[in-house]
Amino acid sequence: MAAAPPSYCFVAFPPRAKDGLVVFGKNSARPRDEVQEVVYFSAADHEQESKVECTYISVDQVPRTHAIMISRPAWLWGAEMGANEHGVCIANEAVNTREPAAEIEALLGMDLVRLGLERGETAKEALDVIVSLLEEHGQGGNYYEDANSCHSFQSAYLIVDRDEAWVLETVGKYWAAEKVTEGVRCICNRLSLTTKMDAEHPELRSYAQSQGWWTGEGEFNFSEVFSPVEDHLDCGAGKDSLEKQEESITVQTMMNTLRDKASGVCIDSESFLTTASGVSVLPQNRSAPCIHYFTGTPDPSRSIFKPFIFVDDVKLVPKTQSPCFGDDDPAKKEPRFQEKPDRRHELYKAHEWARAILESDQEQGRKLRSTMLELEKQGLEAMEEILTSSGPLDPAEVGDLFYDCVDTEIKFFK
């Protein structure tokens, strides 16, 4: 498999972001043929001493897990990105570091995204969850559904709530984190932390010294110490695409940025594609709901962002869920990945037709894209009304919001 192109996630805080909103966005650059599903899990209580089975290993369960909405490669347990009922959003990036990632099966970075969402009520709580699990279980295992070779990576995370964000970068069990409360921040598949670290593993610096990567003198620069000697990945153009916005950043700005192929934020190469995208709007005013948009389909420039709001009675959406193969799933049986089952869900299949039209027929493709964007615009306008309304949110009105949007999209494609 060719080397992966950069995959981006962003956050913008007021006043750069408009109207007292924190805006979060993520593109998931993954192998072209991989299906990503969007799945809701309600809050749940768990029996004492029970376990939770992650992608490769099981870990101790906690007494209660929060409700989450995640976008994930359909073969694994964790998530590329997602949100929980408390307004915490997390995305991760695979990163290469001076220390090669372990090929042993441990926790994937994507497992830690989901575990952080299930267990953290704030961004800082989610960070603490992730680093404690990292210390206990380590990270490692194949990031791709690929029997031919193991692609194992270290991980970086963007963890966001209504008040702050944390950039967390890891090397094995060692880590450092920076708190962000203003401006625009972007992370991609290379280390970005330098000398400003607001939290770190207690043995981080002594470990760097023991490996001969730092003398112990002068300022400690995390990315200089831990980046591989040959690190040619360029994230600059994608980073600039949002940071150079002169206007206030809105949810539409974030979506436009994720759709930008010229900057390299939106990936469409021979081996890799932006297989799913997500945008979240987190009002700093706690009386307003957080709104999360997911595509559930590849290539955001040819996809519709559909809104979701956490309420007590969320209607499940089977049409964005891939088939379940249970214990017969080739990702669960060892040796793993001996075959690739058809993981396409109903929305994905319907969207394949649309992508084919957009690629092959200019006139019909223009009309189709125009109608897709009109559908999305209607959803954005309805969500704008909710955010600016002075009255309380009616849960009955939004419990089937994502379900209805997906249903409308599929009917439209047919």
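# Close-up views of a predicted model

Figure 1. M254 has a relative accessible area of 0%, so M254 is buried (buried means under 20% relative accessible area, exposed over 50% and partly exposed in between, with a 1.4 Å probe and protein chains only). This is a predicted model, in which local features need pLDDT of at least 70, side-chain atom pairs count only at pLDDT 80 or more, and totals for chains, interfaces and linings use all residues. Residues are numbered from 1 along each chain as its sequence is written, and side-chain values use heavy atoms, with hydrogens and water left out. The helix that holds M254 is α6, residues 251-258 (helices are DSSP runs of H or I with at least four residues, strands are runs of E with at least two, and both are numbered from the N terminus). Leaving aside residues up to four places away in sequence, M254 touches F10, V23, F24, G25, L242 and V279 (contact means heavy atoms within 4.5 Å). V279 is 25 residues from M254 along the chain, and their C-alpha atoms are separated by 7.1 Å.

**Figure 2. The whole chain, for orientation.** The protein chain has 10 helices and 18 strands. Its radius of gyration is 20 Å, close to the 22 Å that the globule rule gives for 414 residues, so the chain is as compact as a globular protein of that length (the radius is taken over C-alpha atoms, and the rule is 2.2 Å times the number of residues to the power 0.38). The C-alpha atoms fill a box of roughly 60 × 50 × 50 Å along the principal axes. Of the 414 residues, 58% count as buried. Among contacts between residues at least 6 apart in sequence, 69% join residues at least 24 apart. The chain exposes about 17,700 Å², of which carbon and sulfur atoms supply 45% (accessible areas come from the Shrake-Rupley method with a 1.4 Å probe; for residues, only the protein chains shown count as cover).

Figure 3. Helix α2 covers residues 123-137; at 1.5 Å a residue its 15 residues should span 21 Å, and its end C-alpha atoms are 21 Å apart, which agrees (the expected span is 1.5 Å times one less than the number of residues). Buried in α2 are A123, A126, L127, V129, I130, V131, L133 and L134. An α-helix has 3.6 residues a turn, so residues three or four places apart point the same way. The buried residues of α2 pack against α1 (109-119) and against the strands β10 (89-95), β11 (154-160), β12 (165-171) and β13 (174-180). After α2 comes G138, with a positive phi near 75°.

**Figure 4. Helix α1.** How many residues of α1 are buried? The count is 11 of its 11 residues, and α1 is described as mostly covered.

**Figure 5. L368 in helix α8.** L368 is found in α8, residues 362-388. With a relative accessibility of 8%, L368 counts as buried. Its contacts, not counting residues up to four places away in sequence, are W353, A354, I357, L358 and F412. F222 is 146 residues from L368 in sequence, and the two are 47 Å apart in space, C-alpha to C-alpha.

**Figure 6. S389 in a loop.** S389 lies in the loop between α8 and α9 (395-398). Its relative accessible area is 42%, which makes S389 partly exposed. A288 is 101 residues from S389 along the chain, and their C-alpha atoms are separated by 8.5 Å.

**Figure 7. The loop between β1 and β2.** Most residues other than glycine have a negative phi, and most peptide bonds are trans. P14 and P15 are joined by a cis peptide bond with omega of about 5°. P15 lies in the loop between β1 (9-12) and β2 (21-31), and D19 is also in the loop between β1 and β2. D19 is not a glycine, yet has a positive phi of about 60°. Is D19 buried or exposed? At 58% relative accessibility, D19 counts as exposed.

**Figure 8. The loop between β18 and α7.** The peptide bond from E334 to P335 is cis, and its omega is near -5°. P335 lies in the loop between β18 (306-308) and α7 (346-360), and F337 also has its place between β18 and α7. F337 has a positive phi of about 60° although it is not a glycine. The relative accessible area of F337 is 8%, so F337 is buried.
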